[in-house]
Amino acid sequence: MPTLLNNIQSQQELTEAQLALVTAVLDFGLASFDRSEAEVSLVLVDNDYIQELNLEYRGVDQPTDVLSFALEEADEAPELHSEEELPKLLGDIYISVERAREQAESYGHSLERELAYLATHGLLHLLGYDHQTSETKQVMRQAEERIMQEFMLSRT
C-alpha cells in the first residue's frame, strides 16, 4: 500500500469516502511518476499541530495548509527497492484539515477537492517539485492539474 494514512485530528469528521479519495489521489500520483512501489505517509492534523511544525521547521508561527518532509534531498532521485524488499518511504505529508475546510469554503469548492489538491501538492514536493520561480511554479501547477483531472477535480 503506497499511502500510509493517519488521521490524528478531531476538528472535522471525515468520511471513509473522503479518506479513500485522498489515498487514491496519492496512489495515482505515485504511479503516474513511476513510483508505485514507494510509500508516502499522510498525516491529517489540526491547525495547532501544523502551526507547531511550521514554527519548528520553517520559523513561521502560524498554521499552514500543507507541509512536506522528504526523506531524501530533492536533487537526489529517490531510489526504489527491489520487489523482495520493503517499499521506499519518500516522506511525510501533513495536512491541516481545519485549514483545508477554511480554504474550500473561501474558494467555493468542496472539502474533497481541497484535500485532494493539498495531498497532490505535498506529494509533488516529495518528488522534488517546487514553486520558487515562475518557471518551476508553472511546471508544478501542470503536474498538479494532471493528477487532479484524473479525479475530475481540476480547476477548469
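Trainee: Which residue of E4 does Val 43 stand opposite?
Mentor: Strands of a sheet pair through backbone hydrogen bonds, either parallel or antiparallel. Here Val 43 stands opposite Tyr 94 in E4. The model is predicted: local features need pLDDT of at least 70, side-chain atom pairs count only at pLDDT 80 or more, and totals for chains, interfaces and linings use all residues. Residues are numbered from 1 along each chain as its sequence is written, while side-chain values use heavy atoms, with hydrogens and water left out.

Trainee: How many bridges join E2 to E4, and do the strands run parallel or antiparallel?
Mentor: Two strands pair if DSSP finds at least two bridges between them. Strand E2 (residues 39-45) and E4 are joined by seven bridges, and they run parallel.

Trainee: In what order do the strands form the sheet?
Mentor: The order is E1-E2-E4-E3, in an open sheet of four strands with mixed pairing. Strand E1 (3-7) and strand E3 (66-70) are the edge strands, each pairing on one side only. From one strand to the next, the twist averages 15 degrees.

Trainee: What elements does the chain have?
Mentor: Both kinds of element are DSSP runs numbered from the N terminus: helices are H or I with at least four residues, strands are E with at least two. The chain has five helices and four strands, and from the N terminus on they follow the pattern β-α-β-α-β-β-α-α-α.

Trainee: Which strands does helix H1 lie across?
Mentor: Angles run from 0 to 180 degrees between N-to-C directions, with axes fitted to C-alpha atoms, for helices over the stretch in contact. Helix H1 (residues 16-32) lies across E1, E2 and E4 and runs at about 150 degrees to E1. Helix H2 (residues 47-58) also packs on the sheet, where it touches E2, E3 and E4; the direction of H2 makes about 50 degrees with that of E3.

Trainee: Which residues does Val 40 touch?
Mentor: Val 40 lies in strand E2 and is buried, at 0% relative accessibility. Not counting residues up to four places away in sequence, its partners include Pro 2, Leu 4, Leu 30, Leu 89 and Leu 123. The C-alpha atoms of Val 40 and Leu 30 are separated by 8.7 Å, the two residues being 10 apart along the chain.

Trainee: What is Leu 67 in contact with?
Mentor: Leu 67, in strand E3, is buried at 7% relative accessibility. Leaving aside neighbours within four places in sequence, Leu 67 is in contact with Ile 50, Leu 53, Asn 54, Arg 58, Asp 92, Ile 93 and Tyr 94.

Trainee: Which residues of helix H3 are buried?
Mentor: In helix H3 (residues 97-107) the buried residues are Val 97, Glu 98, Ala 100, Gln 103 and Ala 104. Their cover includes E2, H2, E4 and helix H4 (111-126). After H3 comes Gly 108, with a positive phi near 75 degrees.

Trainee: How many salt bridges does a search of the whole structure find?
Mentor: A salt bridge is a side-chain nitrogen of Lys or Arg within 4 Å of a carboxyl oxygen of Asp or Glu. The search finds one: Glu 144 with Arg 141, whose closest N and O atoms are 3.1 Å apart.

Trainee: Why are Glu 144 and Arg 141 separated by about one helical turn?
Mentor: An α-helix has 3.6 residues a turn, so residues three or four places apart point the same way. Glu 144 and Arg 141 are about one turn apart because three residues separate them in helix H5 (residues 134-150). Glu 144 is buried, at 1% relative accessibility, whereas Arg 141 is partly exposed, at 25%.

Trainee: How much of the chain is buried?
Mentor: Buried residues make up 43% of the 156 residues. Of the contacts with a separation of 6 or more, 66% join residues 24 or more positions apart.

Note on methods:
Buried < 20%, exposed > 50% of the residue type's maximum accessible area, 1.4 Å probe, protein only. Contact = heavy atoms within 4.5 Å.
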